[in-house]
Amino acid sequence: MKQLSTVLNGVLLIAVIILFVLHFSGKKSEAVGAGEGTSAVAAGDVYPVAYINTDSLLLNYNFAKEVNEQLMSKEEASRADFNEKARIFQQDAMDFQRKVQTNAFLSQDRFQKEQERLTKAEQDLQQLNQRLSQELMQEQEKLNRQLRDTLINYLDLFAKDKPYKMILSNTLGDNVLYGAKGVDVTDQIIEGLNARHSAEK
């Protein structure tokens, strides 16, 4: 569950960064001077700023769900592999302790060799834990990049035939305190992303 939370937070952070990059790298809109032109939002017009509810996007975008499932499966497999090796090590360590307490070692040399073997096994276990954690982080970064790329590519296509000059991210309702009707484009984005994802499959 902690890993899922980390994944979602990472994806949300990436989505926010993407949207800001899109905003600042896009064409600058011409400013309308005071008293010039008409009102910014006329009846029936769509304001050129929209927002996506990122939480809803991540919960309903099929590719995001698949990414989370992949990460959870990999984490479970890594945890099972590590736990099995840790269980074997603990059993060996308990056997060693029992032999020490019952004076079961025939020689000091045999005792030292067994102690060295357990020390190496413990180091190997720590290295395995670090390696599995590193692999999981790399997989998470790779999948987050794929998710970010699909979102960027789709938003680029989505905005081409729409009047939007900027699309913001709204996470947990923190960034957009008020949005007029038609400014929340989450459902349109989810629908388009899912249709595109299904077609690619």
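Predicted model: local features only at pLDDT ≥ 70, side-chain atom pairs only at ≥ 80, totals over all residues.
**Entry 1**

Residues are numbered from 1 along each chain as its sequence is written, and side-chain values use heavy atoms, with hydrogens and water left out.

I then checked accessibility, taking buried as under 20% relative accessible area, exposed as over 50% and partly exposed as in between (1.4 Å probe, protein chains only). R117 counts as partly exposed because its relative accessibility is 37%, and D92 counts as partly exposed because its value is 23%. I also recorded that D92, E114 and R117 are linked in a network of salt bridges.

**Entry 2: other charged pairs**

A search of the whole structure gave me 13 salt bridges. Among them, the side chains of D124 and K120 meet at 3.1 Å, N to O, and both residues lie in helix α4, four residues apart, about one turn of the helix. D124 has a relative accessible area of 35% and is therefore partly exposed, and K120, with 49%, is partly exposed too.

R131 pairs with E135 in a salt bridge whose closest N and O atoms are 3.0 Å apart, and these two also lie in α4, four residues apart. I list R131 as partly exposed because its relative accessible area is 44%, and E135 as partly exposed because its relative accessibility is 30%. An α-helix has 3.6 residues a turn, so residues three or four places apart point the same way.

I looked up α3 (residues 62–101) and found 40 residues reaching 58 Å from the first C-alpha to the last, close to the 58 Å expected at 1.5 Å a residue, the expected span being 1.5 Å times one less than the number of residues. The buried residues of α3 include F63, V67, L71, F89 and F96. After α3 comes N103, whose phi is positive, near 55°.

α3 and α4 pack at an angle of about 175°, with their axes 10 Å apart; axes are lines fitted to C-alpha atoms, for helices over the stretch in contact, and angles run from 0 to 180 degrees between N-to-C directions. I therefore describe α3 and α4 as roughly antiparallel to each other. The residues of their contact divide into 19 nonpolar, seven polar and ten charged.

L136 lies in helix α4 (residues 108–160) and counts as buried because its relative accessibility is 10%. L136 and K74 are 62 residues apart in sequence, yet 7.2 Å apart in space, C-alpha to C-alpha.

**Entry 3: α5**

Last, I looked up α5 (residues 186–200), which has 15 residues and reaches 21 Å from its first C-alpha to its last, close to the 21 Å expected. In α5 I found T186, I189, I190, G192, L193, N194 and H197 buried. What covers these buried residues includes β1 (49–53), α2 (54–60), α3 and α4, with contact taken as heavy atoms within 4.5 Å.

How values were computed. Parallel < 35°, antiparallel > 145°, perpendicular 65-115°, else oblique. Nonpolar A, V, L, I, M, F, W, Y, C, P; charged D, E, K, R; others polar. Salt bridge = Lys/Arg side-chain N within 4 Å of Asp/Glu carboxyl O.
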